[in-house]
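Here are my notes on this one, in the order I'd go through them with you. Have the structure open alongside.

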Amino acid sequence: MEGSLFPNRPAFPIQQTKPTVQPPNQRLKFRNSTLLLPPLQQQSQAQQQKSPPSKPSFPIDSLLQNLLHISKSKQPTTISAKTNNAHFTSSPVSSDDEEFQETRLGSSITIPRIGKYSEEHVLPVNDHGSLGFLPTNCKSMLNAILEQPMSSLNWFFDSAKVELLDLDLISLLKALDVLGNWEKAIILFEWVVLNVEDSDSKNEKLDSQVIEFMVKILGRESQHLVTSRLFDLIPLNEYSLDVRACTTIIHAYSRTGNYEKAITLFEYMKQKGLSPTLVTYNVMLDVYGKKGRSWNEILDLLDEMRSKGLEFDDFTCSTVISACGREGLLEEAKIFFEELKSQGFNFGTVTYNSLLHVFGKAGIYSEALKVLEEMEKNECPLDSVTYNELVAAYVRSGFLEEGAALIGTMTQKGIMPNAVTYTTLIDAYGKAGKEEKALRWFKQMKRTGCVPNVCTYNAILGMLGKKSRIEEMMEIVSDMKLSGCAPNRVTWNTMLAMCGNKGMHKRVNRIFQEMKTCGFEPDRDTFNTLINAYGRCGAGVNAAVIYDEMIKAGFTPCVTTYNALLNALARRGDWRAAESIILNMRKKGFKPSETSFSLMLHCYSKGGNVRGIERISREIYDGIIFPSWKLLRTLVLANFKCRSLMGMERAFEELQKKGYKPDLVLFNAMLSIFARNKMYDRAHETLHLIRENGLLPDLVTYNSLMDMYARAGDCWKAEEILMGLQKSGGEPDLVSYNTVIKGFCRQGLMQEAVRTFAEMTSQGIRPCIVTYNTFVAGFSARGMFSEIDELLSYMIQHDCRPNDLTYNTIIDGYCRAKFYKDAMDFVSKIKERDDSYDENSLQRLALRVRENMDS
């Protein structure tokens, strides 16, 4: 088939291959006796076998039930303690099957607890040599606490309140920590915070020593959410905490997204005369980096560090560079890096990895490779993170196979690929529409002993959800259950995103409610996902309502939020509203991202605004907007939708010039537009490029190729490609057959067109209105009006009503033949055949006849 896929340019005018004329008794006509259509059910089954439907009616209930079962099985049983209008819950998971258990503090505070508590864990206090500091009156209370199961601690503390408040709290907390019961220490500390009402008693119990000790435990065990919630209730201005304690609390605020509280505490530290350490400054750089729109504040902090004589370390550098990556500040990252290098700074692996991440996120693999060369030149050790960032850089530039090849390189160098490596590849193949390759990598990942994490499962569920491959999603959810991997908020967000199709907003509502039932309260990402989902459902009003609810819930919009709104507008082509979103972003200090500009291009193309596309393209070519692979790819496709050949060629050329790798979607778009513009040399060049880039033509490629020959008048060549597709194991679709039928009809070979129609229906594919209108045009052009009458009757019998184009084409055919009376007779008899056709439309047809008569 290779010779027919990549033939030499045909010589024009094309010499028609002479058709084989059938005897009169074998001529096919549009009658039920000669052309039987497959039933609708058969067609539906055939479509399901070929590819998943785009708007399925799928059994989401079973999938939801499985996900709910896993989510709830991972939830701890909780008891509530309501005191002082605060509501915290403290409890363990009581399960004999799980080694990893959880304790929940607060409405959503979770403490991991490893191992099981039983009597063997409780040592008599008097026998424990390391508890010499513990007062005698605390020992019996300590034994009592150790004997209590986690779930009943709050009840026990309430019953022993008087005795507890008389004891030395700091000694009791230290003893619990020494014995490895830090979770119980935290629950006791929480209980005191909530239950000591008298301010004098509270200040006596919760002195600075107690708070600093508990902050040390919380920081050591990475209990950031617990820390954040507890210190929302403790007035820190009443205590004199040291720098280390303040830094730990600031870090906790940062990890939980409470950036303003972190900044406030940092300023309070300095007002109190505490001198922030290098660690404190590094944490604050991270705070501003995550907060966003804070580059000037980061520069101020760096100046402050220099003025105090603090020398930057690897974490300082990596944190600043990572902040640039989040904001898309490529130039700022490079300038910061080069300035330090010029000062002789010796970068470590962490800093280089951060720089790789910046370039990888932008899909600039060439810059990433330069960083790798510098690391090797400076003998800086490469680790799994280094390779993971390189894989990300390759796949985001379109080089999926090159990214996959790095797994072999890692293994050869003794660095084992981890879950992040495989998940990056799986996600990239999934987004490229190569689901089977993604699933093969998932199987290889498990074969090599690499355990998938929740991010891996989320990537696969998202990939399968886009294609509505529900049965396979069920298998993945079952695999999660078997591997003991609990769904997280992102898993539920993925389910919300999956239902983001037109008309499915009720399913979005249901999943959102089930998500909350499982204890996952919506965060900013959830709201962003909801805005996206409602936008794809065509419910623009709902998307706007969700945005308002997000603001009311106290979440600040981020770039992702604005992109979600842009996505909803892009689907409608409402570029004016989209422009106002971009303007609003900039007014609030946000820098539109690569995705923002990509969505604007989609919006302009959907709305037919070529000037808008040209305006963004100029900024890309002038370097004002970074020309990433994603943006240049979108620019090609946006120009394709607007039929702008010049714009497409320029964008495609720029993409190749930058060293990016075009994918099959881009090649197919180029092939299609060359075919439409009868640029056959360029079309054949594109076909050769597909092969040279190691890509295999898909159905879209074949259909474009058929269309090219059909437009050129070589209908037999178009049919040859159709037959070649079938012989190679491919499955033509309705577009394939419509294209070949169009080729025959344009050449007047109506019997060949009808024969192709018969072959199509025998394959279980029902015709659409486009198919019938193609035949109407062919019959009409040749004055075959009796065949048109048969065709119209056939259409109506098979539940496909003629539309305005059908009738206009017939009227024009009569008028070209000067059969004006026959045209008027035809109009007058339409209602007899098609009683659904309205009077206004009939009047327009009659007027069309009269206008042709007068012209």
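1. Overall make-up. The protein comes out with 47 helices and 4 strands, taken as DSSP runs (H or I, at least four residues, for helices; E, at least two, for strands) and numbered from the N terminus. It's a predicted model, where local features need pLDDT of at least 70, side-chain atom pairs count only at pLDDT 80 or more, and totals for chains, interfaces and linings use all residues. Residues are numbered from 1 along each chain as its sequence is written, and side-chain values use heavy atoms, with hydrogens and water left out.

2. Of the 855 residues, 51% are buried (under 20% relative accessible area; exposed is over 50%, partly exposed in between, with a 1.4 Å probe and protein chains only). Take the contacts (heavy atoms within 4.5 Å) between residues at least 6 apart in sequence: 66% of these join residues at least 24 apart.

3. Helix α21. Have a look at residues 400-412, where Leu400, Gly403, Ala404, Leu406, Ile407 and Met410 are buried. Viewed down the axis of α21, the buried residues sit within an arc of 135°, so they line one face of the helix; the arc is that of the directions from the helix axis to the C-beta atoms. Their packing partners are α20 (384-396), α22 (419-431) and α23 (435-447). Just past the end of α21, Gly414 has a positive phi of about 80°.

4. The α32/α33 pair. Helices α32 (residues 594-606) and α33 (residues 610-621) pack at about 155°, their axes 8 Å apart (lines fitted to C-alpha atoms over the stretch in contact, with angles from 0 to 180 degrees between N-to-C directions). That makes the two roughly antiparallel, the term for angles over 145 degrees. From α32, the contact uses Phe597, Met600, Leu601, Tyr604 and Ser605, while α33 brings Gly612, Ile613, Arg615 and Ile616.

5. Two loop residues to check. Most residues other than glycine have a negative phi. Arg293, in the loop between α14 (278-291) and α15 (295-307), has a positive phi near 55° and is partly exposed at 35% relative accessible area. Glu379 also has a positive phi, near 55°; this residue lies in the loop between α19 and α20 and is exposed, at 71%.

6. Glu376. This residue belongs to helix α19 (residues 365-377) and, at 41% relative accessibility, counts as partly exposed. Setting aside neighbours within four places in sequence, Glu376 contacts Leu382 and Lys413.

Terms used
Parallel < 35°, antiparallel > 145°, perpendicular 65-115°, else oblique.
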